[in-house]
Amino acid sequence: MSDEPLRPGADPAGGGSAVARIGRFFLSGNVVVVTFLAFVSALFIGAIIIILASPAAVAAWGRFGHDPGAAFAQSWHAIATAYSALFIGSIGSPRGIVEAIASGDGHRISGAFYPLSETLVSTTPLMMAGLGIALAFRAGLFDIGGQGQLILGALGATLGGFLVPGLPIYLHLPLAIVLGALFGAAWGFIPGILKARTGAHEVITSMMLNYVALNLLTFLLTTALFQAPPRYQPVSKAVADTARLPHLAGPSLRLNLGFILAAACVVGVAWLLQRSTLGFKFRMLGANREAARVAGVNISLQYVLAMTLAGAIVGLAGTFMVLGVDYQVAAGYGGTIGFDGITVAILGQGNPYGVGLSALLFGAFAAGGRTMQLDANIPLQLVQVLQAVLVLFVAAPGVIRTIFRIRVRGAGRVFGGWSG
Amino acid sequence: MSQVEPAAPGSRELRKDLAAMRRRALAIALLALAAIDLLVFARTTSAGSKTIFELNAAPALPVPPIHIPVLATLVGLGIVCVLLGLAQYLWKGNPRTYLLLGIGLALTGIAFLAWAGQGETVDVEGLLMTSLIEAVPLTLGALSGLLCERSGVINIAIEGQFLIAAFVGAVVGSATGNLWIGLLCGALSGGLVGLILAVFTITYRADQIIVGVVIDAFALGLTTFFLLSLLVPNQMTLNSPAVFGPIPIPLLDKIPIVGPLLFDQNIMVYLTIIILVIVQVALFQTRWGLRVRAVGEHPRAAETVGINVLRIRYRNVILGGIVAGIGGASFTIGSTGQFAHNMTAGLGYIALAAMIFGRWRPLGALGAALLFGFFDALQFTLSALSAPIPSDFLAMFPYLATILAVAGLVGRVVPPAADGQPYARE
């Protein structure tokens, strides 16, 4: 889990021509290469799954003996349809964007940028959830309670958003955001303090708190305080206009200030980990707990701080979702984003900037997946499979080494068992 | 292996503290139960009200319903809880934590049912029946986790194994029309997921928790993807399996109350009991079990006496996958038939919790699974009554209980020493 950006010259046998160096860079199996190869492998496995789900392709493979060309053609057709819809839905059609800008028509331009805006909207909560979980990773803690912390953050932001109407936006919006962070922090504090005081493993406690949060949410959505007035449906009251994150690119695109704040958080967490005393203690704890203890770090305190901070950051994921996009919470709010945050953090190798890039990739997957489902009629869950396979290979670089027969530096990160 | 950690901070003092804390906490818990009983339930009960406990499951075996005088029951049970709490507080010996807490909870459960069902009929037999059926996948999942963790591999992929096996069981059972082949394929698919977990964590030594979590995400994505793309368009051929019917056990099923509950169930219930007994005996009475536990506690020492650590771990993780696969198949061909989106809904994680709550022991896992199943079933029973209890709080019980358990408040929870540590030969 090196923090430095990848340096091709870091190879001890560095030197030689640029071509030789580039060649070594790819053969050395560093993080970028492993991630790239894992990505290729994930796309390959995804392709097999697409073929299996395509009746035309399966039928063509059934007639392989008579017409092998058709089998390949049908398979290629199915794969190309799916992946091109995934691309168009996440980034947009490059030609469409160029033409829209050339036309100068504002309406057309925002239409052309709609996929990109959707990608960034999906990226925002993933980035925050991944960032919080990555922070805990770096302190040697596995925060699996992202879902619960996200729900609590969303609840706090909603509460702050509807409870005190009539405030000016420069007071109301920060209030709602802070409340969201505090609620999330509380949900991270519990596993932290339990670990510090009793040694209870944070994986178990934070996982259990996910379900407590889900049930708490369901309950709160039946109370007069939270439930929207006719009180027929399990949805909360809406956040006041003054607590909503402003849109960045006109009302027709959902892109909002939340993305900018999330990007700022990436820089902030990177600074915290690399430049602050607190971050140094976290990293010491994560690198070698015994050494940290001997060096006089108050381990219990760091556990509590790291989990609370992680909870606050993941809570902001829910906060930005509520204040930027949905404006209210419903039963089961957040879906799998709390869990996706774990995969984002693993893919980013715990490095804040890596997490930012991973969140962008998964955000693109999420936005593209919705288009793929609508246009190519391929279920959105394909991207969940792609993400899981990608992360599985990144978590076990040895597998990539075996498949592609390259050297891989270092092994995957290991947290150890329940007693840790 | 630098990864082997010393125990939690200040472990010796902590342990002493914890024992005292636990004794106090348990006494307080029992007194709190009594307080709820007497101050909340009994105060809101009018003197003459009665509750009818329905114990009739099979029409062929009529059992007269029991009329319970609510107030007298509440006061009586409350006093018992107070006495238990006081005894616990004053008794300095080794506390029988689980036994006492179990009794306290059971008594409060009875008091609660009597209170909630005032003037109405509570279907107690139905409640117990549902608890038992809910406990089947939980027990199997917990046994799967136990098989893996006793050999030193954490299995968080139980949820994923459940989902994939539920899917495969439904599809194969539906396509072949043979439920036994469906069950077999479901079990094998669980074993296959176990094999994936084994390859990544044992051979490639990736982090076991990470791989487990990612396998769960993979399984959820994959089953939903194929559900929408293949099963929904072919609902009749691929996703409408029959379900296993009840198999009455001659004579035993004629016992009132117990007969219909335990001896007129489908194969899943019997299979669970058989697997439970096998795991319990194999783990603690056989040479195989001794080896497994040695590998889970101290793999290096096990290796030096000639035990093949990696092979034992592989075998156990695959076996665990098969057991979880049987549990997964029970979701579809064991109860509802059709496969539905995310139908396990986190029960794989509750199974993991049941394993921990049961302290890595098969019988403990069964007890925890029954307790969790009971609280799940209680929600259904309560929704049939007019009592104003938010079921969401009952639904939280298993999770809160597990948090308390791992926090050491109800007995020390000690995992196998090498649990979660990848093993590399020297």
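This is a predicted model: local features need pLDDT of at least 70, side-chain atom pairs count only at pLDDT 80 or more; totals for chains, interfaces and linings use all residues.

Let me begin with helix H15 of chain A, where A:Ile337, A:Gly338, A:Phe339, A:Asp340, A:Gly341, A:Ile342, A:Thr343, A:Val344, A:Ala345, A:Ile346 and A:Leu347 are buried. This helix runs over residues 337-347, and since 11 of its 11 residues are buried, it is largely enclosed by the rest of the structure.

Is A:Tyr327 buried or exposed? There are 21 C-beta neighbours inside 10 Å, and 20 or more is what the cut-off asks for, so A:Tyr327 counts as buried.

Elsewhere in chain A, A:Arg231 also has a positive phi, of about 55°, although it is not a glycine. You can find A:Arg231 in the loop that joins helix H10 (202-220) to helix H11 (257-275) of chain A, and with 13 other C-beta atoms within 10 Å this residue is partly exposed.

Let me now step back to chain A as a whole. Its secondary structure comes to 18 helices and zero strands. The radius of gyration of chain A is 23 Å, close to the 22 Å that the globule rule gives for 420 residues, so the chain is as compact as a globular protein of that length. Along the principal axes, the C-alpha trace of chain A spans about 70 × 60 × 45 Å. Of the 420 residues in chain A, 55% count as buried, and if we take the contacts between residues at least 6 apart in sequence, 75% of them join residues at least 24 apart.

Turning to chain B, the secondary structure there comes to 16 helices and three strands. Of the 426 residues of chain B, 52% count as buried, and among its contacts between residues at least 6 apart in sequence, 78% join residues at least 24 apart.

On the H11(B) side the contact is made by B:Arg291, B:Val292 and B:Val295, and on the H13(B) side by B:Val309, B:Ile312, B:Arg313 and B:Asn316. By class, that contact has four nonpolar, one polar and two charged residues.

Finally, how many residues does each chain bring to the contact between chain A and chain B? Chain B gives 50 residues, and chain A gives 50 residues. On the side of chain B that touches chain A, helix H1 (11-41), helix H7 (208-231), helix H14 (347-357) and helix H16 (391-406) each supply at least two residues. The largest share of that side, 16 residues, comes from H7(B). Sorted by class, the side of chain B that touches chain A has 36 nonpolar, nine polar and five charged residues.

Notes. Residues are numbered from 1 along each chain as its sequence is written. Chains are lettered from A and ligands numbered from 1 in the order in which they are written. Two residues are in contact if their C-beta atoms, placed from the backbone, lie within 7 Å. Helices (H or I, at least four residues) and strands (E, at least two) are DSSP runs, numbered from the N terminus. Ala, Val, Leu, Ile, Met, Phe, Trp, Tyr, Cys and Pro count as nonpolar, Asp, Glu, Lys and Arg as charged, and the others, Gly among them, as polar. The radius of gyration is taken over C-alpha atoms; the globule rule is 2.2 Å times the number of residues to the power 0.38. A residue is buried if 20 or more other C-beta atoms lie within 10 Å of its own, exposed if 12 or fewer, and partly exposed in between; C-beta atoms are placed from the backbone.
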